[in-house]
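Good morning, colleagues. Please have the sequence and the model open while I speak.

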Amino acid sequence: MTKEERHLWYDFLKVLPVTVNRQKVIKNYIVDFYIAKYKLVIEVDGSQHYENAGSAKDKKRDYDLNLMGITVLRYSNYDINFSFDAVCEDILNHFVL
């Protein structure tokens, strides 16, 4: 895991009262975090995701996961580092505990 993924995991996702899987394989994709109960994928994106090739792959991946009924939430490393509370709040807004 990257530094930002570790921060999100240890300081938020790990203590949620739902099962959160790390590095979960879904079909031919490996997602950063997956909450099966809510069919929710959480991705933490580094700079390579904002280059043309990375962005195109992400769009295809999100489309494929959406076809399976999975919602994909994406946050940049910047979001994790500088807006951590807002990221956590946004994640919580996608399900009811």
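Helices (H or I, at least four residues) and strands (E, at least two) are taken here as DSSP runs, numbered from the N terminus. What we are viewing is a predicted model, in which local features need a pLDDT of at least 70 and side-chain atom pairs count only at pLDDT 80 or more, while totals for chains, interfaces and linings use all residues. Residues are numbered from 1 along each chain as its sequence is written, and side-chain values use heavy atoms, with hydrogens and water left out.

Let me start with the overall fold. The protein chain contains four helices and four strands, and their order along the sequence is α-β-β-β-α-β-α-α. Buried means under 20% relative accessible area, exposed means over 50%, and partly exposed lies in between, with a 1.4 Å probe and protein chains only. By that criterion, 42% of the 97 residues are buried. The chain exposes about 5900 Å², of which carbon and sulfur atoms supply 52%; these areas come from the Shrake-Rupley method with a 1.4 Å probe. A contact means heavy atoms within 4.5 Å. Among contacts with a separation of 6 or more, 56% join residues 24 or more positions apart.

I turn to the interior. A nonpolar core is a set of buried Ala, Val, Leu, Ile, Met, Phe, Trp, Tyr and Cys residues joined through side-chain atoms within 4.5 Å. The largest such core has 20 residues, and those with the most contacts inside it are Leu-8, Phe-12, Leu-13, Val-20, Phe-33, Ile-42 and Ile-91. Helix 1 (3–11), strand 2, strand 3, strand 4 (71–76) and helix 4 (84–92) each contribute at least two residues to this core. Helix 4 gives the largest share, four residues. A second, separate core of eight residues includes Val-31, Tyr-34, Ile-70 and Val-72. Leaving aside residues up to four places away in sequence, Phe-33 touches a set of residues including Met-1, Leu-8, Trp-9, Val-20 and Ile-42.

Which residues of helix 1 are buried? They are Glu-4, Glu-5, Leu-8 and Trp-9. These residues lie on the same side of helix 1 because they cover an arc of only 130 degrees around the axis, the arc being that of the directions from the helix axis to the C-beta atoms. Their cover includes strand 1, strand 2, strand 3, helix 3 and helix 4.

Next, the aromatic rings. A pair of aromatic rings is described by the distance of the centres and the angle of the planes. Rings of Phe, Tyr and Trp (its six-membered ring) pair if their centres lie within 6.5 Å; planes under 30 degrees apart count as stacked, over 60 as edge-to-face, and the rest as tilted. The structure holds three aromatic pairs. Tyr-38 and Phe-95 are stacked, at 4.6 Å centre to centre and 25 degrees between the planes. This pair links distant parts of the chain, 57 residues apart: Tyr-38 sits in the loop between strand 2 and strand 3, and Phe-95 in the segment after helix 4. Tyr-38 is partly exposed at 23%, whereas Phe-95 is buried at 6%. Tyr-78 and Phe-82 form a tilted pair, at 4.6 Å and 35 degrees. Both lie in helix 3 (residues 77–82), four residues apart, about one turn of the helix, and both are exposed.

Now the charged side chains. A salt bridge is a side-chain nitrogen of Lys or Arg within 4 Å of a carboxyl oxygen of Asp or Glu, and the whole structure has six. Asp-58 and Arg-74 meet in one of them, at 3.4 Å from N to O. Asp-58 lies in helix 2 (residues 52–67) and Arg-74 in strand 4, so this pair ties together parts that are 16 residues apart in sequence. Asp-62 also forms a salt bridge with Arg-74, with the closest N and O atoms 3.0 Å apart. Through shared partners, salt bridges join Asp-45, Asp-58, Asp-62 and Arg-74 into one network.

Finally, the backbone. Where does Lys-39 lie? Lys-39 is found in the loop between strand 2 (29–35) and strand 3 (40–45). Its phi is near 50 degrees, a positive value in a residue other than glycine, and Lys-39 is partly exposed at 35%. Gln-23, in strand 1 (residues 21–26), likewise has a positive phi near 50 degrees. Gln-23 is partly exposed, at 40% relative accessibility.
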